[in-house]
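Thanks for coming, everyone. Let me put the model up, and then I'll talk you through it.

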Amino acid sequence: MQTQNIVQSFVAAEAITEYALVSIDGNGKITITDAGTEIGCVGVAQRACSAGETVEVVVHGTTRVIASGALTFATTPLLTGAANGQVAAVSSSDYPVARILPNINQVSTAGAGEQLLVLFTGPSVVKA
C-alpha cells in the first residue's frame, strides 16, 4: 500500500533548509521549528529556500527529516521538533509530530545531521 502525501505550498518568513520541520507564524508564513513544544509545527520543507520564496511542505505523509542526535529506532519511535528544524526523541512536555519508519538498511542514526524516513502526522497530544 502506498501512502499519499499531502503537500501544501507556503511562503517562507526566513531561510529554510531542506527537510527542516517548519511552523506557521502569525502572518501565515513558515519559520523553522526550534523546539518540541511548538504546537504550530505544520510539516517538513521539501527543499531549501530563502525568505519570501514559496516552498512545498509535506503536511501529512512520508518524508525525510534530519536527526538532532543519535536515535535508536526500536526504542525511540516517536519524534518531536528540535533546534534548527531537526527531530529528537519525544520528552514529557513535547508534542509528537512524526513516527520513524525503519527499514533493514537503517535502524538508527549515529548523530546530528543524519537523514531518516518518517511518517509526519503533525503535533498531537495523548490524553491519559
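First, the ground rules. This is a predicted model, so read it that way: local features need pLDDT of at least 70, side-chain atom pairs count only at pLDDT 80 or more, and totals for chains, interfaces and linings use all residues. Residues are numbered from 1 along each chain as its sequence is written, and side-chain values use heavy atoms, with hydrogens and water left out.

Now the fold. The protein chain has 0 helices and 11 strands. Here helices (H or I, at least four residues) and strands (E, at least two) are DSSP runs, numbered from the N terminus. Read from the N terminus, the order is β-β-β-β-β-β-β-β-β-β-β. The radius of gyration is 14 Å, close to the 14 Å from the globule rule for 128 residues, so the chain is as compact as a globular protein of that length. That radius is taken over C-alpha atoms, and the rule is 2.2 Å times the number of residues to the power 0.38. Along the principal axes, the C-alpha atoms fill a box of roughly 40 × 35 × 30 Å.

Some chain totals. Buried residues make up 38% of the 128 residues. Buried means under 20% relative accessible area, exposed means over 50%, and partly exposed is in between (1.4 Å probe, protein chains only). The chain exposes about 6,600 Å², and carbon and sulfur atoms supply 52% of that. Those areas come from the Shrake-Rupley method with a 1.4 Å probe; for residues, only the protein chains shown count as cover.

Next, strand β4. Why call β4 largely enclosed by the rest of the structure? Because 4 of its 5 residues, in the run 41-45, are buried. Strand β2 (residues 21-24) runs antiparallel to β4, joined by 3 bridges. Ser23 has Cys41 of β4 as its bridge partner. β4 also pairs with β5 (residues 54-66), again antiparallel, over 2 bridges. There, Val44 has Val58 of β5 as its bridge partner. For pairing, DSSP has to find at least two bridges between the strands.

On to the cores. In soluble globular proteins, nonpolar side chains tend to be buried together. A nonpolar core here is a set of buried Ala, Val, Leu, Ile, Met, Phe, Trp, Tyr and Cys residues joined through side-chain atoms within 4.5 Å. The largest one has 17 residues, and Leu21, Leu79, Leu116 and Phe120 touch the most other members. β4, β5, β9 (98-100) and β11 (115-120) each give two or more residues to this core. β11 gives the most, with 3 residues. Look at Leu116. Beyond its neighbours within four places in sequence, its contacts include Val65, Leu71, Phe73, Leu79, Val87 and Ile100. A second, separate core has 11 residues, among them Phe10, Ala12, Val22 and Ile30.

Now two threonines. Thr63 lies in strand β5. Its relative accessible area is 3%, so Thr63 is buried. Its side chain makes a polar contact with the side chain of Gln46, at 2.9 Å. A polar contact is a pair of N or O atoms within 3.5 Å; within protein, one must be able to donate a hydrogen and the other to accept it, and residues adjacent in sequence count only if both atoms are side-chain atoms.

Thr33 sits in the loop between β3 (30-32) and β4. Is Thr33 buried or exposed? Buried, at 1% relative accessible area. A polar atom of the Thr33 side chain lies 3.4 Å from the backbone nitrogen of Val22. Thr33 also contacts Cys41 and Asn84, among others.

Last, the loops. Tyr19, between β1 (6-11) and β2, has a phi near 65°, positive in a residue other than glycine. Tyr19 is buried, at 16%. Asn84, in the loop between β7 (78-81) and β8 (87-89), also has a phi near 65°. Asn84 counts as exposed, at 54%. Ser92, between β8 and β9, is exposed at 83%. Its C-alpha is 10.0 Å from that of Thr37, 55 residues apart along the chain.

Note on methods
Contact = heavy atoms within 4.5 Å.
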